[in-house]
Amino acid sequence: MRYVDEYRDPALARGLAAEIGSLVTPGETVRVMEVCGGHTHTIYRHGLEELLPPEVELVHGPGCPVCVIPMGRVDDAIAIAESDGVVLATFGDMLRVPGGRGSLLEANARGADVRMVYSPLDALGLARREPDRHVCFFAIGFETTAPATAITLLRARAERVPNFSVFCNHVLIEPPLRAILETPGLRVDAFIGPGHVSTVIGTDAYRFIPEEFGRPLVVSAFEPVDLLQSIAMLLRQRVEGRCEVENQYTRVVRAEGNTRALAAVAEAMEPRADFEWRGLGVLPGSALQVRDELADFDAERLFALPGARIEDPKACRCGEVLTGQIKPWECGVFGTACTPERPLGTCMVSSEGACAAFFSYGRLRQPREAATVGA
Amino acid sequence: MTIDAVRCVTCGDVAVAARVRSVDGVEAVVEVGHAVERVAVDLVPDARPGDVLLCHAGIALERLDSETEA
């Protein structure tokens, strides 16, 4: 398949791995955080860490929207789903995220009408087809997904669909990056930026990272060759004494992003005062809410929501995994009390969560570390 | 080769390249591998048959490489 096969070429990957080896200083560790869950998945699935010299350490960041949703918001979604005459529609992975009262899938088993969709536009289609029910779309995702929700809201208003709303949980990429960069004792030297988020917001949106925090960032696509090339670009910056934002994903990402997408999001949504993130706490201006002009489609105004803050289970160390302080296997419940079949923490739910990705593809590779944790 | 079926489009920041078969207003019919889907083209309003679009959650986000396939 074009745009896939050429970026999985083993000869190209081996060449890039050799180049990376030539760009490191023996004994000097460079810690590179991949912000995006899609990159984490590629790294584990294709065994990229095996190709890298020991001087390059990959740290898995907070870029999985499922993993950062706090349990209280899941309970709010369950409250909507259990309201009379309501269909709650959302993406598949949200169905399994545990809240304080179980998951949406369990609510579905108790009788709530919860349905999986691939697009918010599909949820709007459900509302058109089932006028006797209210369809609420449980919206999650970074800037990549927010335009789809925005277009759906704007279409719902234009078509005057009376039985549709959005429970908006869209989050923004800059605030968590700032929170990580402001963490005392930060041990991340360079960043791999998310590819498709950057299609929307553009590479200029990351200039604060080199300018304010002195770390380079390379926006990267998602195939193995893309990621290896991005790591080589970051290391080349170090060797040449540069610190800037570079774009590896030139086949689709522009400096200014997609201005039409940004305008659609700005028309339908606005930043919240603050939003709670799993692992990072409450971050100001870090999420979007439905604008007043579209209040008729805002589930937070249409439904009475519990709005409770729920502590994560004590044994779960998702927060430390999300901020790169520990590796998945260093959590005491990893692979025992917490598995993809019965996740305790959100990092084990989505296949892009660092724990689930490591459980699926990497755990057999780390017998020494795993044994140490169990000791 | 197919796009990974196990991945969550949102969490993985996943978008797929799809070739436009036809356009009708703000909707386009696109080919993704061997499948045919409808996507919204509000954000790429000048999309036309043959274009390769980057699609995510039912909408086209961008045109790939500004390139048109025959």
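Colleague: What should I know about the model and its numbering?
Modeller: Residues are numbered from 1 along each chain as its sequence is written, and chains are lettered from A. The model is predicted, with local features needing pLDDT of at least 70 and side-chain atom pairs counting only at pLDDT 80 or more, while side-chain values use heavy atoms.

Colleague: What is the order of the strands in the open sheet, and is the pairing parallel or antiparallel?
Modeller: Strands of a sheet pair through backbone hydrogen bonds, either parallel or antiparallel. Strands are DSSP runs (E, at least two residues), numbered from the N terminus, and two of them pair if DSSP finds at least two bridges between them. Here four strands of chain A take the order 4-3-5-6, with parallel pairing. Strand 4 (113-116) and strand 6 (164-170) of chain A are the edges, each pairing on one side only. Strand 5 (residues 134-141) of chain A is joined to strand 6 of chain A by seven bridges, and I140(A) stands opposite N169(A).

Colleague: How many aromatic pairs are found, and why is F208(A) with F213(A) edge-to-face?
Modeller: Rings of Phe, Tyr and Trp (its six-membered ring) pair if their centres lie within 6.5 Å; planes under 30 degrees apart are stacked, over 60 edge-to-face, the rest tilted. The whole structure holds eight such pairs. F208(A) and F213(A) have centres 6.4 Å apart and planes at 80 degrees, so their pair is edge-to-face. F334(A) and F358(A) form a tilted pair, 5.8 Å centre to centre with 55 degrees between the planes.

Colleague: Is F358(A) buried or exposed?
Modeller: Buried means under 20% relative accessible area, exposed over 50%, and partly exposed in between (1.4 Å probe, protein chains only). F358(A) is buried, at 1%.
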